[in-house]
Amino acid sequence: MRRIVVLGFVSPLHRDRIPVIKGIDKTISNTDELRGLSIGDAFVVALILSGGVSRLVREFAEDYGLRRLLLVSHPGLNSLASALDAKALLSEVGVDSGILHLEDLSHIDHALKIARAIASILSIRVALLGVRAKDSVARTFEDRFEAKVDAIPMESLEDMINNADEKLTAEFINYIKGRVKFEVSDERLRDVGRIYAAMRGLYGKYDALAINCFPYLIKHRVTPCLALARLNEEGLIAACEADLRALFSMVIARELTGYSGWIANTNHIEGSKVTMAHCTIALNMVGDARVVTHFESGFNYGLTGRLLFNEVTGVSVSSDFRRMGIFNARVIESGLLSDKMCRTQAILDLGINSLVILRLAPYNHHVIIPGNVVEELETIAGVLGMEVVKYTQ
């Protein structure tokens, strides 16, 4: 995660009227105070404490060569007006920004949570497992977020699995047996445990992983679904289908909510409802978890369970990481509702005609995040230079 620097910008007219705010690294009122700041590659939060500082913010961003900035405003001293001006001025010089408006300066922790979500994406180190070479999506991901993506071929992944740590493998087996109910034989659970152990050993070198699971399961007749379910429960982001778009949203979901989010296919739309499904989900996102067969292959294992949340936010990201589709929904029903789709399923009510998904969705996969984090995602999208596409009528 990138280092975060919080700078307060305040007009000299108001400097004596601003209370001491915990968490601000430095307060700036003039150009002289811009000199000698230790910024480097840190992600910067600009707390707009008063009006009259928009040009100072732009000068700061230009002087330090920033690509993006989180602007934080509050109700007093013309703060929001100045933040809006600053956003426009930053756009003129090619700096992406988003505004988070706080109800009160005492809520700065909320701003820091959003800053951590952004900082966790910047310079992230990702391994694509079972992938011979980086594609255009991976190269774009690297360029947009100053990230590092390594492609690890299938043969290398298989070697790691064959030589996986036996202690980690055994710990996984014991945990899963005590955590979920098996409705199929557990005879292949050690094979999944080795997948888990191999992937678990990569964290530290990498911040997140994405596995190209279908070629592996077709060859070895066992899926990584349970391994991913446990890793994501542990807060270690692991995306399936080598999907960097979903991985992006999962990293942000973890920082905003403490949950990795659930990668889901869009399976059916009817009226205001959409049915979403996938064969893995973080274990801490479901109750009554059961192990069944994987949908497409019939191999062991798939995971099903009942979502623990009544309200969710869905997010889908385009392949160029320039568009973010967002919806808010109520969970109507979830679990294993049909044998004709992936095993964890949820019917969500968008409150509008769900046909809008056909027109607006940037991609099939949506990451389903607990709660309503629409405003937070809009702010993050602005800072990262992404167009927000809200699923509205």
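Author: Ring pairs link F141, F145, F248 and F321 into a cluster. Two rings of Phe, Tyr or Trp (its six-membered ring) form a pair if their centres lie within 6.5 Å; planes under 30 degrees apart count as stacked, over 60 as edge-to-face and the rest as tilted. The model is predicted, with local features requiring pLDDT of at least 70 and side-chain atom pairs counting only at pLDDT 80 or more, while totals for chains, interfaces and linings use all residues. Residues are numbered from 1 along each chain as its sequence is written, and side-chain values rest on heavy atoms, with hydrogens and water left out.

A pair of aromatic rings is described by the distance of the centres and the angle of the planes. The rule stated above gives 11 aromatic pairs. In one of them, F141 and F145, the ring centres are 5.4 Å apart and the planes stand at 75°, so the pair is edge-to-face. Both residues belong to helix α4 (residues 136–145) and are four residues apart, about one turn of the helix. Helices (H or I, at least four residues) and strands (E, at least two) are DSSP runs, numbered from the N terminus. F141 and F145 are both buried, where buried means under 20% relative accessible area, exposed over 50%, and partly exposed in between (1.4 Å probe, protein chains only).

A further pair is formed by F182 and Y301: the centres of their rings are 5.7 Å apart and the planes are at 90°, so this pair is also edge-to-face. F182 lies in strand β8 (residues 181–182) and Y301 in strand β14 (residues 300–307), so the pair ties together parts that are 119 residues apart in sequence. Y301 counts as buried, at 0% relative accessibility.

The helix is α8 (residues 213–220), in which C213, Y216 and L217 are buried. Viewed down the axis of α8, these buried residues fall within an arc of 95°, so they line one face of the helix; the arc is that of the directions from the helix axis to the C-beta atoms. The buried residues of α8 pack against α5 (154–162), α7 (189–200), β9 (208–211) and β10 (238–240), contact meaning heavy atoms within 4.5 Å. On the face turned away from the buried side, α8 carries the exposed residues I218 and K219. R221 follows α8 and has a positive phi, near 60°.
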